[in-house]
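Hi everyone, and thanks for coming.

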Amino acid sequence: MQTTSDEVLISRIAGGDRLAMQVLYARHHVRVYRFVLRLVRNEATAEDLISEVFLDIWRQAGKFEGRSAASTWMLSIARFKALSALRRRPEEELDEETAEQIEDHADDPETALAKKDKGSALRQCLAKLSADHREIIDLVYYHEKSVEEVAEIVGIPEATVKTRMFYARKKLSEFLKEQGIDRGWP
Amino acid sequence: MNAMKQETPERQEIEELLPWHAAGTLSRRDAQRVEEALARDPELARRYALVRDELGETIHLNETLGAPSARALEKLFAKIDAEPARRQAPLNLGSRISEFFASLTPRTLALAGGAAVLAILVQAGFIAGVMLNETKTGGYQTASAPTTAADAGTFALIRFAPQASADDVTRFLESNKLSIASGPTAGGLYKVRVAVTGIPKAELARIVKKLQEDKVVGFIATTD
């Protein structure tokens with residue numbers, strides 16, 4: 001079965017086609033939502049941002065030149081929206097949420113047992129990473145973005161993308177070590 | 001400690017690429033370099049296993065994050081409705097071309113490609129014919145030839161069945177003495193010449209009915 005490409009959908013959206021907008025939304029909203037949620041760490045905020053992100057896509061569709069993949073362009077818009085929202089939020093609120101998230105995991109009785117499970121511990125440590133490190137890990141592993149695409153989304157040189165990813169992974173190892181799991185690296 | 005001793009700029013460079021190798025987003029050339037390095041360096045291969053664990057758990061973590069409620073879509077379209085009415089801008093040439101190709105099925109594309117090759121061959125033959133003719137007469141002649149006019153004859157519109165191969169279509173056209181006059185349109189329709197002269201409507205209906213029975217035909221209709 002053949003599907004209309006994202007690029008074609010965006011060109012139709014530029015012409016005011018609402019159905020094309022619905023198709024593009026159906027195709028990408030879950031991944032964009034998860035990307036935003038991992039950055040803002042608040043479901044209500046992430047859900048609000050999703051409609052803002054796709055509204056921007058509606059408004060800017062005519063400017064999309066197809067030089068990069070549509071998903072890369074959409075994630076760039078999502079990132080900008082998420083960072084703007086984070087800047088608007090008071091610092092205390094952020095700290096509370098971060099603490100809650102970590103406590104939630106730590107207080108869960110199953111978590112203590114699961115700590116022995118390396119996979120669960122790894123996921124817990126992934127959630128503890130800084131925003132910059134979470135972002136790059138997600139873009140590479142979950143959103144399957146190449147070095148060039150990550151550089152475009154985050155707005156940093158390709159060499160920095162590689163070193164940031166390296167340090168994110170190194171930090172992950174440090175967190176794991178604190179939980180008693182030594183990966184023998186770095 | 002042994003591993004530390006073996007650290008080289010080359011290993012460092014390859015190691016930085018491991019996450020992208022695991023995600024399958026490296027260029028073929030870089031992927032080849034990484035594969036070769038993994039095959040000769042057991043320590044790098046061990047670290048690659050760690051990367052693969054991270055990849056799997058990152059996917060797991062993200063997949064448990066859920067999805068936005070339907071409210072987000074409602075909110076989006078409420079905002080779109082509140083936007084100033086947008087003038088239906090005509091698509092630029094690039095978009096129109098990509099839209100056209102996107103609308104074709106792979107089989108239609110293959111058939112269109114075949115038709116294009118045929119058209120080029122006919123044109124080449126025609127030019128060669130004109131040149132030979134010129135050589136013979138040694139003077140200038142117009143490039144018209146005593147052939148059937150493009151709009152002369154009786155036609156039908158055909159859309160070939162999606163499962164029909166190019167060979168099937170060729171066999172069908174030859175066995176029924178048909179020729180493609182134009183097409184395909186964006187909807188995959190071809191204008192096919194059924195007879196070189198005009199024929200009675202009843203006769204055309206009989207021919208069309210017979211052609212419709214062939215499995216190669218997905219849709220057929222008479223046309224002027």
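Predicted model: local features only at pLDDT ≥ 70, side-chain atom pairs only at ≥ 80, totals over all residues.

Let's start with chain A. What is its secondary structure made of? It comes to 10 helices and zero strands. If you follow chain A from the N terminus, the elements read α-α-α-α-α-α-α-α-α-α. Chain A has 186 residues, and 53% of them count as buried. Now take the contacts in chain A between residues at least 6 apart in sequence: 62% of these join residues at least 24 apart.

Next, the aromatic rings. Over all chains, the search of the whole structure finds six aromatic pairs. Let me show you one in chain A, formed by Tyr25(A) and Phe54(A). Their ring centres are 4.9 Å apart and the planes stand at 65°, so this pair is edge-to-face, the label for angles over 60 degrees. Where do the two residues sit in the chain? Tyr25(A) is in helix α2, residues 18-40, while Phe54(A) is in helix α3, residues 43-60. They are 29 residues apart, so to speak a link between distant parts of the chain. And are they buried or exposed? Tyr25(A) is buried, with a relative accessible area of 4%, and Phe54(A) is buried too, at 0%.

Phe54(A) has another partner I'd like you to meet: His28(A). This histidine lies in helix α2 of chain A. Leaving out residues up to four places away in sequence, His28(A) touches Asp6(A), Phe54(A), Ser71(A) and Met74(A). His28(A) has a relative accessibility of 12%, so it counts as buried, the limit being under 20%.

Elsewhere in chain A, ring pairs join Phe166(A), Tyr167(A) and Trp185(A) into a cluster.

Chain B has a ring pair to show as well. Both Phe160(B) and Tyr190(B) are buried. Their ring centres lie 5.3 Å apart with the planes at 50°, so this pair is tilted.

Now for the contact between the chains. How many residues take part? Chain B brings 49 residues and chain A brings 51. Together the two chains bury about 4900 Å², of which 59% is on carbon and sulfur atoms. On the side of chain B, Trp20(B), Glu54(B) and Arg86(B) lose the most area to chain A, together 15% of what that side buries.

There are polar links here too. Between chain B and chain A we count nine salt bridges. One of them joins Arg59(A) to Glu83(B), with the closest N and O atoms 2.8 Å apart. The count of residue pairs in polar contact across the two chains is 21.

Which helices of chain B each supply at least two residues to the side that touches chain A? They are α2 (9-23), α4 (42-63), α5 (70-82) and α6 (93-103). Helix α4(B) gives the most, with 14 residues. By type, the residues on this side of chain B divide into 22 nonpolar, 12 polar and 15 charged.

That's my tour, and I'm happy to go back to any part of it.

Key: Residues numbered from 1 in each chain as written. Chains lettered and ligands numbered in written order. Heavy atoms only, no water. Contact = heavy atoms within 4.5 Å. Buried area = accessible area lost by both parts, 1.4 Å probe. Salt bridge = Lys/Arg side-chain N within 4 Å of Asp/Glu carboxyl O. Polar contact = N/O pair within 3.5 Å; in protein donor to acceptor, adjacent residues only side chain to side chain. Helix = DSSP H or I, 4+ residues; strand = E, 2+ residues; numbered from the N terminus. Nonpolar A, V, L, I, M, F, W, Y, C, P; charged D, E, K, R; others polar. Phe/Tyr/Trp six-rings, centres within 6.5 Å; stacked < 30°, edge-to-face > 60°. Buried < 20%, exposed > 50% of the residue type's maximum accessible area, 1.4 Å probe, protein only.
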